[in-house]
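Let's take a walk through this structure together. Keep the sequence and the 3D view side by side as you read.

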Amino acid sequence: MILEALAEDEPLRIAGQDFSSRLMVGTGKFGSHALMRDSLVASGAEIVTVALRRVDLARAGEGDVLDFVPPGMTLLPNTSGAVTAEEAHRLARLGRAATGSQLVKLEVTPDPRTLAPDPVETLRAAELLVSDGFTVLPYCPADPVLARRLEEAGCATVMPLGSWIGSNRGLRTRDALEVIIEAAGVPVVVDAGIGVPSDAAEAMEIGAAAVLVNTAIAVARDPVAMARAFALATVAGRLGYLAGRGAVGAPTMAEASSPLTGFLGAQPGSVAP
Ligand SMILES: CC(=O)[C@@H](O)[C@H](O)COP(=O)(O)O
């Protein structure tokens with residue numbers, strides 16, 4: 001039944017490419033490359049992001065991180081570590097030369113404390129990369145104005161943060177995410193800070209097209225089991241969104257679940273206990 005419901009759902013479409021999984025995963029912080037590979041498989045994800053600065057082409061085929069990405073997964077190279085638009089562009093070009101992929105997850109994070117994405121440099125980098133033929137998926141602040149500007153610049157998605165990268169603090173930006181999702185004409189992928197499967201479900205319930213999770217899976221006691229849990233939560237949240245949430249009641253008033261009048265055998269005017 002669940003599979004039937006999912007089969008009726010439209011695929012996640014990014015720049016003309018269709019994906020059935022709405023969970024994207026990262027490759028950092030795993031205890032070993034083998035554990036990373038097993039977790040990626042367990043997640044059912046179809047898109048996996050890898051930091052270009054971690055890729056060692058000299059070791060290709062000899063135990064580099066890319067050798068442990070399961071075959072068939074779409075590689076989404078990211079510009080993690082870039083602090084200016086020019087640096088991000090340079091990294092992206094290196095990644096394209098190495099992988100042959102036009103896809104790039106744009107990250108420009110000059111603040112070492114928060115790894116907050118720089119809105120000005122991110123927009124500038126997006127413009128540079130789009131004009132250079134890249135398919136750009138930008139990690140960005142949860143800012144509705146910037147999200148619109150990135151979309152206008154030709155980005156294939158927007159990827160606003162839920163909370164700081166690696167913080168596992170969940171959707172601290174929920175109100176802004178809802179505004180971004182409502183207005184966006186491209187898929188909104190909630191990225192960063194998703195700490196537990198219920199955070200992924202929450203993002204999907206409010207209408208995110210997908211979520212990206214790294215730390216929460218990699219640092220779990222059992223990353224493979226956690227990857228499975230995130231896969232299920234992402235699907236549950238998506239189905240909840242498609243089902244349509246009921247009205248939210250007032251904070252100080254109940255709304256009885258069963259009717260208070262018209263019970264079998266009830267006298268007119270009587271109410272349920
Ligand atoms: C791997 C990656 O792209 C991260 O920069 C991303 O933002 C994920 O964040 P978490 O590690 O908090 O899941």
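For the feature "active site", the UniProt record (an unreviewed entry) lists Lys105; UniProt positions are given in the numbering used here, feature names are shortened, and annotations may be inferred rather than shown by experiment. Please keep in mind that this is a predicted model, in which local features need pLDDT of at least 70, side-chain atom pairs count only at pLDDT 80 or more, and totals for chains, interfaces and linings use all residues. Residues are numbered from 1 along each chain as its sequence is written.

You will find Lys105 in strand β6 (residues 103–106); here helices (H or I, at least four residues) and strands (E, at least two) are DSSP runs, numbered from the N terminus. Lys105 counts as buried because it has 27 C-beta neighbours inside 10 Å. The term buried stands for 20 or more other C-beta atoms within 10 Å of a residue's own, exposed for 12 or fewer, and partly exposed for values in between, with C-beta atoms placed from the backbone. Leaving out residues up to four places away in sequence, Lys105 touches Thr49, Leu76, Pro77, Asn78, Leu137 and Tyr139, where contact means that the two C-beta atoms, placed from the backbone, lie within 7 Å.

Helix α9 deserves a look of its own. Its 21 residues should span 30 Å at 1.5 Å a residue, and its end C-alpha atoms are 30 Å apart, which agrees; the expected span is 1.5 Å times one less than the number of residues. Among the buried residues of α9 are Met226, Ala227, Phe230, Ala231, Thr234 and Arg238. After α9 comes Gly244, with a positive phi near 90°.

Let's turn to the other annotated feature. Where does UniProt place the "binding site"? The unreviewed entry puts it at Gly166, Ala192, Gly193, Asn214 and Thr215. These positions span 50 residues in sequence, yet no two of their C-alpha atoms are more than 8.7 Å apart, so they gather at one spot. Gly166 sits in the loop between β8 (159–160) and α6 (174–183), and counts as partly exposed because it has 17 C-beta neighbours inside 10 Å. Gly193 lies in the loop between β9 (189–191) and α7 (197–205), and its 22 C-beta neighbours inside 10 Å make it buried.

Finally, visit Val25 in strand β3 (residues 23–26). Val25 is buried, with 27 other C-beta atoms within 10 Å. Beyond its neighbours within four places in sequence, Val25 has contacts that include Val48, Val213, Asn214 and Ile217.
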